[in-house]
Amino acid sequence: MIPSQQTYDADILIIGGGLAGLTASIHLAKAGLRVILLEKHAYPQHKVCGEYVSNEVLPYLSYLGIAVDELAPARIHRFLLSTVAGKTIESTLPLGGFGVSRYAFDHFLANNARLAGVDIRQAEVMNVQFETETFTLTTSDEKAYTSKLVIGAYGKRSHLDKQLKRIFFLQESPWLGVKAHYQADFPTDLVALHNFEGGYCGLSQVENGVVNACYLTNYRSFKAFKNISTFQQNVLGKNPFLSDFFAKATPLFDKPLTISQISFSRKKPVDNHILMCGDTAGLIHPLCGNGMAMAIHSAKLVSELIIHFFTGKIANRLLLETQYTHIWSTEFKSRLLTGRIAQSLLSSPGITSILLKSLQLTPRVLPLIIRQTHGKPLVVNA
Ligand SMILES: Cc1cc2nc3c(=O)[nH]c(=O)nc-3n(C[C@H](O)[C@H](O)[C@H](O)COP(=O)(O)OP(=O)(O)OC[C@H]3O[C@@H](n4cnc5c(N)ncnc54)[C@H](O)[C@@H]3O)c2cc1C
């Protein structure tokens, strides 16, 4: 810390104000704890995301007083999968979900967090130190923040992962995500996943009838093309559904948003004593449509334990860290594994085609697979 630096203290510091960080901040502030959340970007902002949220989070959001209905989300109950050749299979979604843009959702949660008493500051955390049972974070605006506990909710990948020497950061990851909004004729109640060589593209509605097209692709497939539009024409366009969609849809963004180096490697839910939440603890393959629900669910798990820590039900840091690691793994390990298997099957158009034929013969299996990649509705032990 620089001697003249302004320092702020809190019970809990949260790094990152996406779904995980914001939800945890609301939960903890409502429990009477002093929470400072540090987010590097201003709200609202668009993010690369399929924007389909599983309904499993609704009981918990409602417990926190977050009324998602105010955003008028699309209500989604059907799932359609297509192969590159345009063969399809459809299923109802066992729990269903809602479609809402991250632009609206994160902003809405940030407003709810402020109302709950969370001190949200726009600053990038540059450095994290842990000494004598106290964390000190320093930010881009040269301020310092201290607390007993820190939640790491800074998403898939950050320079902080390098500073914390997290192993996944050293491994190259070939995945690229692309997303844009469109005005298009697309059913409100459907989420479609269209396969193409080297990836898949999700289509679904968000609020105001806008359609989100978001795809994940292997960088190897992408790099042979000069830009996104030629890639979409030549690779995504081989799937007749995507060809039709992109030919008729009107883009609402100047250009699509992209993110690279998306890693699905294993991460530790507690690292350097930081309680990791959302994608910072582990990212499920997007085709499962469950990353946002997992981010919100992990916020619930960590918040409940932190409250026990402050009320003395959890006696010390070691127990807090051990219990969080255990509960995180119990809740999410099998979904992450199913996601990895589904991803490896869908990454080959040939296998996807065989898979689709088998699923057509046994239609009850698809809802079962979907269930495996989702959780149950989040019961709240108030
Ligand atoms: C292509 C793609 C499609 C997807 N589609 C879906 C889908 O349809 N449904 C679904 O449920 N999930 C989907 N996901 C997953 C979902 O987007 C994530 O799981 C979810 O965003 C996780 O939320 P989070 O709060 O953990 O992270 P984020 O939403 O990424 O939030 C992290 C925040 O931390 C901030 N931050 C980062 N570093 C710092 C720092 N040093 N200091 C301060 N702030 C910092 C960032 O600005 C960001 O706001 C998809 C993912 C991808 C890649």
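Student: Which residue in β9 stands opposite asparagine 127?

Tutor: This is a predicted model, in which local features need pLDDT of at least 70, side-chain atom pairs count only at pLDDT 80 or more, and totals for chains, interfaces and linings use all residues. Residues are numbered from 1 along each chain as its sequence is written. Strands are DSSP runs (E, at least two residues) and helices likewise (H or I, at least four), numbered from the N terminus. In β9, the residue opposite asparagine 127 is threonine 138.

Student: How many bridges join β8 and β9?

Tutor: Two strands pair if DSSP finds at least two bridges between them. β9 covers residues 134-139, and its pairing with β8 is antiparallel. The number of bridges is 6.

Student: Which element supplies the largest share of the shell around the ligand?

Tutor: The ligand is surrounded by 40 residues, where a residue is near a molecule if its C-beta atom, placed from the backbone, lies within 6 Å of it. Elements that each supply at least two shell residues include α1 (19-30), β15 (211-218) and α8 (291-311). The largest share, 4 residues, belongs to α8.
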